[in-house]
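This report describes one protein model for a reader who has not seen it before. Please look over the sequence and the structure before reading on.

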Amino acid sequence: MSAHTTSRRDRLRQATVEEIHATVRRLLVAQGSAAVTINAVAREMGMSGPALYHYYASHDELVGAVTAGFFRELAETMEQARDAHADAPIGDRLLAVCRAMRAWAIAHPAEFGWIFASPIAPPNRRQDSVRHQAALRFEQVLLDLTVELWQAQPFPVPDQAGLPASLREQLTAYSATIEGRLPPEAAHVFLTCWIRLYGLLCMEVLHQLDFAYTDLEPVFEECLRDLSTKLSLDYSEPPLTEGGRPS
């Protein structure tokens with residue numbers, strides 16, 4: 001009876017946690033991040049603020065848990081795109097993953113903003129939090145594909161000796177955090193590609209390029225074409241939908 005009671009209690013708690021997360025997401029999408037407070041979430045659920053603290057000790061803990069869920073959802077979307085092209089060349093898998101990331105981001109701008117609104121702590125200050133673990137899963141999708149590419153057909157890299165000393169030190173440190181799966185010079189190429197891809201996506205989601213573009217998909221594809229060249233990969237156009245637009 002005790003085991004049954006505990007199991008039922010756990011199920012009820014999990015259901016409440018899922019309702020909390022759904023409520024946070026609804027408030028975030030409808031009213032923005034400022035609307036997501038402990039009291040606002042509790043009020044939407046018909047709870048008291050103190051009652052919500054039985055589930056999350058602070059607002060930061062609540063935000064971290066919900067953000068982890070967004071990270072997992074984005075990572076799953078990218079993994080599904082990767083796995084749907086499991087038998088395709090590495091370049092096609094990379095392109096599919098990048099396109100899936102953009103599709104999720106532009107469909108969920110508020111969630112995307114929450115994911116990247118706060119910086120990820122550097123390695124020497126990271127904690128084993130649910131947010132950090134979910135962020136690592138997201139990071140691994142593109143990193144694993146880049147490592148696979150590097151091992152199969154190494155892409156051009158800069159001469160380390162020609163890089164500024166500070167940059168060499170930072171790249172060496174980063175390479176160590178990923179257990180040397182990419183040497184510093186290859187890590188530099190990987191990070192450069194990521195910065196360009198992510199930077200463009202952020203500008204699109206945050207509407208920073210609306211003054212010039214009403215459709216950024218061709219710009220994104222141009223970015224993917226350039227990155228493919230940088231990685232010595234063949235670029236392929238995205239598949240078309242029935243309406244004749246890229247899917």
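The sections below go from the overall fold to helix contacts and then to single residues.

## Basis of the model

The model is predicted, and local features are given at pLDDT of at least 70, side-chain atom pairs at pLDDT 80 or more, while totals for chains, interfaces and linings use all residues. Residues are numbered from 1 along each chain as its sequence is written, and side-chain values use heavy atoms, leaving out hydrogens and water.

## Overall fold

The protein has 10 helices and zero strands. Helices (H or I, at least four residues) and strands (E, at least two) are DSSP runs, numbered from the N terminus. In sequence order the pattern reads α-α-α-α-α-α-α-α-α-α.

Of the 247 residues, 39% count as buried. Buried means under 20% relative accessible area, exposed means over 50%, and partly exposed lies in between, with a 1.4 Å probe and protein chains only. Among contacts with a separation of 6 or more, 65% come from residues 24 or more positions apart; contact means heavy atoms within 4.5 Å.

## The nonpolar core

The largest nonpolar core contains 67 residues, and Val-41 and Leu-182 have the most contacts inside it. Such a core is a set of buried Ala, Val, Leu, Ile, Met, Phe, Trp, Tyr and Cys residues joined through side-chain atoms within 4.5 Å. At least two residues of this core come from each of helix 1 (2-31), helix 2, helix 4, helix 5, helix 6, helix 7 (130-152), helix 9 and helix 10 (217-230). In soluble globular proteins, nonpolar side chains tend to be buried together.

Val-41 belongs to helix 2 (residues 38-45), where the buried residues are Ile-38, Ala-40, Val-41, Ala-42 and Met-45. Just after helix 2, Gly-46 has a positive phi of about 75°. Leaving aside neighbours within four places in sequence, Leu-182 touches Leu-143, Thr-146, Val-147, Trp-150, Ser-175, Ala-187 and Phe-190.

## Helix 9 and its partners

The axes of helix 5 and helix 9 come within 10 Å and cross at roughly 25°, so the two are roughly parallel. Axes are lines fitted to C-alpha atoms, for helices over the stretch in contact, and angles run from 0 to 180 degrees between N-to-C directions. Angles under 35 degrees count as roughly parallel, over 145 as roughly antiparallel, 65 to 115 as roughly perpendicular, and the rest as oblique. The crossing of helix 5 and helix 9 is right-handed. A crossing is left-handed if the near helix is turned anticlockwise from the far one by less than a right angle, and right-handed if clockwise. From helix 5, Cys-98, Met-101, Arg-102, Ala-105 and Ile-106 meet Trp-194, Leu-197, Leu-201, Glu-204 and Val-205 of helix 9. By class, this contact has eight nonpolar, no polar and two charged residues. Ala, Val, Leu, Ile, Met, Phe, Trp, Tyr, Cys and Pro count as nonpolar, Asp, Glu, Lys and Arg as charged, and the others, Gly among them, as polar.

Helix 6 (residues 109-117) and helix 9 (residues 184-205) have axes that come within 10 Å and cross at roughly 130°, so these helices are oblique to each other. Helix 6 passes helix 9 in a left-handed crossing. Pro-109, Phe-112 and Phe-116 of helix 6 meet Tyr-198, Leu-201, Cys-202 and Val-205 of helix 9. The residues of this contact are seven nonpolar, no polar and no charged.

## Helix 4 against helix 6

Helix 4 and helix 6 pack at about 115°, with their axes 9 Å apart, and are therefore roughly perpendicular. Their crossing is left-handed. Val-63, Val-66, Thr-67, Phe-70, Phe-71 and Leu-74 of helix 4 make the contact with Glu-111, Trp-114 and Ile-115 of helix 6. This contact has seven nonpolar, one polar and one charged residues.

## Single residues

Arg-102 is in helix 5 (residues 90-107) and counts as buried because its relative accessible area is 10%. Apart from neighbours within four places in sequence, Arg-102 contacts Leu-201, Glu-204, Leu-216, Glu-217 and Phe-220. Gln-80, in helix 4 (residues 59-84), counts as exposed because its relative accessibility is 56%.

Most residues other than glycine have a negative phi. Glu-179 is not a glycine, yet has a positive phi of about 60°. Glu-179 lies in the loop between helix 8 (165-177) and helix 9 and is exposed, at 71% relative accessibility. Ser-232 also has a positive phi, near 60°; its place is in the segment after helix 10, and at 41% relative accessibility Ser-232 is partly exposed.
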